[in-house]
Amino acid sequence: MEVLDCIQGRRSVRKFSDKKLEYNTIVDLIKIGTYAPTAQMREPWGFVVIQDKEELKRLSDIAKLDILERIDELPQFKAYEKFFSDPEFNIFYGAENLLIVYGDTTTRWYKEDCSALAENIILAAFSQNIGTCWIGFAKDLFDSKQFKDTYNIEEKYESVAVLIMGYMTYVPNPPKRREPIIFSRGK
């Protein structure tokens, strides 16, 4: 797949086929991701891979409860309160595969570096018919002490990108994009 076709064709995917996504395929995507630009060659990333649908459902329930308990502190989530209250709603959309990209907060540009890495992974996955979706609802859960202790994640790491993934059954239609706002020096 040509790189421009990949960039323009990629979409967030929330429904996946039953075809198993092998652990080594995810590791290969991580390795491709590490070719992203990184400030001062710090490579501030670390990863957690979870391939267990039931575990992801359990984590979804924990995240939803946490969000509902703090909904007044999270105005950006208020519009989704109905979903978080629905016992059937899964913030990971029933996916079997999850990749969490962590950044070392002792480096100045860890968010930028890890975001560039995540986009490399997203595009490389798409080129292999693997869909992804960046799940913002889960960030606080994966920064919790309990989760970090369970997965032996050092305190200095913070989650930057939470990606569900799996083989696509279809590619969603492209949304219309607004014209970019380009600022210029002027009167």
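1. Asp61 is partly exposed, at 34% relative accessible area. Buried means under 20%, exposed over 50%, and partly exposed in between (1.4 Å probe, protein chains only). The model is predicted: local features need pLDDT of at least 70, side-chain atom pairs count only at pLDDT 80 or more, and totals for chains, interfaces and linings use all residues. Residues are numbered from 1 along each chain as its sequence is written, and side-chain values use heavy atoms, with hydrogens and water left out.

2. Asp61 and Lys64 form a salt bridge at 3.8 Å, N to O. The term needs a side-chain nitrogen of Lys or Arg within 4 Å of a carboxyl oxygen of Asp or Glu. Both residues sit in helix 3 (residues 53-69), three residues apart, about one turn of the helix. Helices (H or I, at least four residues) and strands (E, at least two) are DSSP runs, numbered from the N terminus. Lys64 is buried at 4% relative accessibility. The count comes to eleven salt bridges.

3. Asp104 and Lys156 also meet in a salt bridge, 3.4 Å from N to O. Asp104 is in strand 2 and Lys156 in the loop between helix 7 (145-150) and strand 4, so the pair ties together parts 52 residues apart in sequence. Asp104 is buried at 9%. Lys156 is partly exposed at 31%.

4. Strand 2 (residues 97-104) is largely enclosed by the rest of the structure, because eight of its eight residues are buried. Asn97, Leu99, Val101 and Gly103 point one way; Leu98, Ile100, Tyr102 and Asp104 point the other. Strand 2 pairs antiparallel with strand 1 (residues 45-50) over six bridges. Eight bridges join strand 2 to strand 4 (residues 157-167), also antiparallel. Pairing requires at least two DSSP bridges between the strands. Leu98 partners Ile50 and Ile164.

5. Thr132 lies in strand 3 (residues 130-134). Thr132 is buried at 3% relative accessibility. Beyond neighbours within four places in sequence, its contacts (heavy atoms within 4.5 Å) include Phe16, Ile122 and Ile164.

6. The largest pocket has a volume of about 170 Å³. A pocket is an open set of points on a 1 Å grid where a 1.4 Å probe fits, with protein on both sides within 12 Å along at least five of seven lines; lining residues have an atom within 4 Å of a point. The volume is the space filled by probe spheres set on the points. The lining has 13 residues, with Phe16, Ser17, Asp18, Lys53 and Glu96 nearest the centre.
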